[in-house]
Amino acid sequence: MNINPLDLLKNAQKVQEHMGVFQEKLASLNATGSAGGGMVEIDLNGKFEVMAVRIAPEAIEGGDTEMLQDLVMAAFSSGLENIQEAIRSEVSAMTGGLNIPGLSGLMGM
């Protein structure tokens, strides 16, 4: 079987282009995690960056910093789960539902 190096290069360039588009889509994905009945909310993007944190005044009023810390951690965990699900959905849509080994591992899932 002869493999044309030019064909390999073209295929590699296509894969690189697709990965660029995919990375752009990841950056545009957003998800919110919440805890305490919405007292703490955290927005994440598809690159797992925190985009916003909202803390309701009543979460601070009592002065219970341990509770607030727990709420922030829970909201962040919820946001991670939500953004990972959004990424899985996007990957599935882009790959036509094919399970490509290692692809989800590249995104921290």
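This section describes the fold of a single chain as seen in a predicted model.

The chain contains four helices and three strands. Read from the N terminus, these elements follow the order α-β-β-β-α-α-α. Of the 109 residues, 25% count as buried. The accessible surface of the chain amounts to about 7,400 Å², and carbon and sulfur atoms account for 56% of that surface. When contacts between residues at least 6 apart in sequence are considered, 49% of them join residues at least 24 apart.

The three strands make up an open sheet with the order 1-2-3 and antiparallel pairing. Strand 1 (30-35) and strand 3 are the edge strands; each has a single partner strand, so one side of each lacks a neighbour in the sheet. On average, and with direction ignored, neighbouring strands of this sheet are turned by 15° against each other. In general, the strands of a sheet pair through backbone hydrogen bonds, in either a parallel or an antiparallel manner. Here, six bridges link strand 1 and strand 2 in the antiparallel sense. Within the sheet, Ala 35 is placed opposite Val 40 of strand 2.

The loop between strand 2 (40-45) and strand 3 (50-55) holds Phe 48. This residue has a positive phi of about 65°, although Phe 48 is not a glycine. Most residues other than glycine have a negative phi. With a relative accessibility of 27%, Phe 48 is classed as partly exposed, because the buried class is limited to values under 20% and the exposed class to values over 50%.

Helix 3 spans residues 65-94, a run of 30 residues. The distance from its first C-alpha to its last is 43 Å, close to the 44 Å expected at 1.5 Å a residue. Helix 3 lies across strand 1, strand 2 and strand 3, and runs at about 145° to strand 1. The buried residues of helix 3 are Leu 68, Leu 71, Ala 75, Gly 79, Ile 83, Gln 84, Ile 87, Glu 90 and Val 91. An α-helix has 3.6 residues a turn, so residues three or four places apart point the same way. The buried set of helix 3 includes Gln 84 and Glu 90 as well as Ile 83, Ile 87 and Val 91. Just after helix 3, a positive phi of about 65° is found at Gly 96.

Notes
Residues numbered from 1 in each chain as written. Predicted model: local features only at pLDDT ≥ 70, side-chain atom pairs only at ≥ 80, totals over all residues. Heavy atoms only, no water. Helix = DSSP H or I, 4+ residues; strand = E, 2+ residues; numbered from the N terminus. Buried < 20%, exposed > 50% of the residue type's maximum accessible area, 1.4 Å probe, protein only. Contact = heavy atoms within 4.5 Å. Areas by Shrake-Rupley, 256 points an atom, 1.4 Å probe, with all protein chains shown as cover. Expected span 1.5 Å × (residues − 1). Pairing = 2+ DSSP bridges. Axes fitted to C-alpha atoms, helices over the stretch in contact; angles between N-to-C directions.
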